[in-house]
Every structure is written in structure tokens, then in C-alpha cells.
Amino acid sequence: MRRLLIGLGLVSLSVCGSVAAQEPNQGLLNAVSYERIPAGVAVTVSPLDNSDDNLILQQRFEAELRAHGYRVSGDGPLVLTFGTRDTVGAYLDGNARHVLELSGGGGRGGGEDAKARVNVFDSGGGGLLNEGRDSSDTTIVTPTQYRIDASIDERASGRRLWQGWATANLEQSDGLALTMAMVPVIAQHVGQTVRQKPFPVQ
């Protein structure tokens, strides 16, 4: 029953963490502790894929874990696995005037569910009957967001001991710089349960 409640809490935290509004230059951390992680235990850091960025992040994770009293080993009894992903934001070009929108899905070439919509009137972007407001500004509808998921499992049994994830909107930095800024706060809260904790990403 305890596992079920923790699992339900994890799902709700994940949903809330992905949709919560975030302040500029600020990320959000969530984590769930399932079992105690012994102090000073040896940990192996393993990225989900060996991309160049993830290999850099692996070194950052290892350095941060050492700074918080853990030993880093290639064959430690605990394995920290991490992965990164990004959700591309949506932007509205102030000069874009959309009159016809086509979409399709299903079947070969998407022909079975083809749809067409005519934009008759849009006071902002313009449509068939109007040009819309004269604006050359690009508006960010939803910002690009990066996320790191990390978990710690026992190597021998595969039992999950801890899981955490951090999200932050991409603003002035690039994706690697942003994810590098997330690693310290994740390493700092290994073994802890936290909910919607803000942290700076400079």
C-alpha cells in the first residue's frame, strides 16, 4: 500500500512539475525517496545514452556526488542513471497571417483524416477578411523547456531507491549550459523527497 501511495504521489508530482509556471532564470526540482541511501556509498553514474552532452553531464554528476560525500566507482553497488530531454517551445511571428491550415492523419499519407480550416478573421494575426495588427514582434507562446530525470537503483537487485527530476525554461543560455546548472541541485538532494523546489539556473 505504501508503494502504491508513493507511486501515485510520483505521478502527480511529475504532472505538476511539468506544467507549473516558472520564474525567469529559475528551475523546479522534484524528488521521491523510496529507501535510505547510505552515506559515503559508492555510486556508478550511467547516462541513458552516450551523446557528447551526456558525457559532459556525467562528469558533472560525478564531481557533484563526490562533493556531497559519495564515492564514484565504475562498479559501485548503486547506479545513478540519468537522461535529458527538451520540449521545443511555440512562437508566434507578428507578421504571420495564416488563412488556410491543412492537417492529416491515419492511412497512407494521412489521407483518411485530412482536415482543412479557413481562418476567416483573427484580430491578432490576421485572416481572410483582415490583416491583423501591424506587428513585427515575435511572441513566445510557450518557452522551450529542458528536463533531467535521474534515478538511483541497487545494482544487484534492481530495486529503486530514489528518483528525481528537474525542469527549467531555456532563456539566455544554451541547452547544455542549462542542464549543467541543474546537476548540482539534483546531486544535493539525492536520497531526499522534495516537491516543487525552485532553484536558480544562471
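Guide: We'll talk through a serine, the nonpolar core and an aromatic pair. Keep in mind that this is a predicted model.

Visitor: Where is Ser33 placed?
Guide: Ser33 sits in strand β1, which covers residues 26–33.

Visitor: And is Ser33 buried or exposed?
Guide: Ser33 counts as buried because its relative accessible area is 18%, and the cut-off for buried is under 20%.

Visitor: What does its side chain reach?
Guide: The Ser33 side chain comes to 3.2 Å from the backbone oxygen of Gly191. Apart from neighbours within four places in sequence, Ser33 also has Leu161, Trp162, Gln192 and Thr193 among its contacts.

Visitor: Switching topic: which residues touch the most other members of the largest nonpolar core?
Guide: Those are Ile37, Phe61, Leu65, Leu80, Trp162, Met182 and Ile186, out of 32 residues in that core. Elements supplying at least two residues each include β1, α2 (52–67), β4 (78–87) and α3 (175–188).

Visitor: Which element gives the most?
Guide: That's α3, with seven residues.

Visitor: How many aromatic pairs does a search of the whole structure find?
Guide: One. Phe61 and Phe82 make a tilted pair, 4.8 Å centre to centre with 35° between the planes. Phe61 belongs to helix α2 and Phe82 to strand β4, 21 residues apart, so the pair links distant parts of the chain.

Visitor: Are those two buried or exposed?
Guide: Both Phe61 and Phe82 are buried.

Visitor: What else is Phe61 in contact with?
Guide: Setting aside neighbours within four places in sequence, Phe61 also contacts Val45, Leu80, Ile148, Val183 and Ile186.

Definitions and conventions. Residues numbered from 1 in each chain as written. Predicted model: local features only at pLDDT ≥ 70, side-chain atom pairs only at ≥ 80, totals over all residues. Heavy atoms only, no water. Helix = DSSP H or I, 4+ residues; strand = E, 2+ residues; numbered from the N terminus. Buried < 20%, exposed > 50% of the residue type's maximum accessible area, 1.4 Å probe, protein only. Polar contact = N/O pair within 3.5 Å; in protein donor to acceptor, adjacent residues only side chain to side chain. Contact = heavy atoms within 4.5 Å. Core = buried A, V, L, I, M, F, W, Y, C linked by side-chain atoms within 4.5 Å. Phe/Tyr/Trp six-rings, centres within 6.5 Å; stacked < 30°, edge-to-face > 60°.
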